[in-house]
Amino acid sequence: MVRVFLFLMVLLESAVAAPVPDNAAAVKDLAEAHRNERDVIAQESMAQWTSVMGVTSIMGTLLTLVAAGAALWSVHLSRRALGQAEESVARTVETGEAQARAYVYASAASFSSEGPDILISVTNTGQTPAAYFQAGGEAVLVGDGKVQEAIQIKEYEKKEWPALGAGTTLKVKLAVNQAIISRFQSGKAQGQNLLVMGTILYRDVFGFHFETGFAFYVKPGDGRFRRPVANLPAFEPTDPPKGKSPYWQAR
């Protein structure tokens, strides 16, 4: 029994006296490994967030571009709609003016009872008055069958008259060569026809100027003027008359 006790005491002393291994290096290595692992995880996390932020930035840029494109397209559509509306209004105004404006032309011709003159009946078939009108022309003698080819509308010296009301007719004296009229009326024209031709220029209430041509002829021994077949200007837009007009200036 004493021997067993002594043996146990010897073992205990050996255990106490045995050297303890140094684990400081191992702990340090383990801590370093953990720190490196945390750094790697942090770097990976940062890289992921950087990628997410990059994608978010790109998507934001794309959305901005899409929004800008949509805004530009909306502006384009608005401008086109505005342009179409303006064109529609312009067409409506133009149609309304065309329906309401004055339409002035020479409706008939006749001899004057007061001398060797030609009277032209100027008629306005429009819905509004003509602010003023001018008429000018000439009279020539032409052979039978040559009336149509003799019609040549030129620039004539015109005489001016004030406003011509809607739906009214006014007879005006045309300034032509009276000697030709006298020769025809006296029977000295040797079978020739008397051709009267010219133009009427007028201004409507909207401020636009128009020109209409006319032509009439009468056979020897017949006092009735007829209209020849001719391609004459009819209510064609034209420039304002040259020179000073009291009626034109007043309006």
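Biologist: What makes β7 and β8 a strand pair, and in which sense do they run?

Modeller: This is a predicted model, in which local features need pLDDT of at least 70, side-chain atom pairs count only at pLDDT 80 or more, and totals for chains, interfaces and linings use all residues. Residues are numbered from 1 along each chain as its sequence is written, and side-chain values use heavy atoms, with hydrogens and water left out. Two strands pair if DSSP finds at least two bridges between them; β7 (residues 209-218) and β8 have three bridges, in the antiparallel sense, so they count as a pair. His209 stands opposite Thr238 in β8.

Biologist: Which sheet holds these strands, and in what order?

Modeller: An open sheet of five strands, β4-β3-β6-β7-β8, with antiparallel pairing.

Biologist: Why are β4 and β8 said to stand at the edges?

Modeller: β4 (159-161) and β8 (236-238) each have a single partner strand, so one side of each has no neighbour in the sheet. Neighbouring strands of this sheet are turned by 30 degrees against each other on average, direction ignored. Axes here are lines fitted to C-alpha atoms, for helices over the stretch in contact, and angles run from 0 to 180 degrees between N-to-C directions.

Biologist: Where does helix α4 lie?

Modeller: Helix α4 (residues 178-185) lies across β3 (130-142), β6 (193-204) and β7, at about 55 degrees to β3. Contact means heavy atoms within 4.5 Å.

Biologist: What makes β2 and β5 partners?

Modeller: Six bridges join β2 (residues 118-124) to β5, and the two run antiparallel; the cut-off is at least two bridges, so the label holds. In β5, Thr169 is the bridge partner of Thr123. Both strands belong to an open antiparallel sheet of three, ordered β1-β2-β5. Its edge strands are β1 (104-111) and β5 (169-174), each pairing on one side only.

Biologist: How many helices and strands are there, and how do you know what counts as one?

Modeller: The protein chain has five helices and eight strands.

Biologist: What share of the protein chain is called buried?

Modeller: Buried residues are 27% of the 251. The term means under 20% relative accessible area (1.4 Å probe, protein chains only), against over 50% for exposed and partly exposed in between.

How values were computed:
Helix = DSSP H or I, 4+ residues; strand = E, 2+ residues; numbered from the N terminus.
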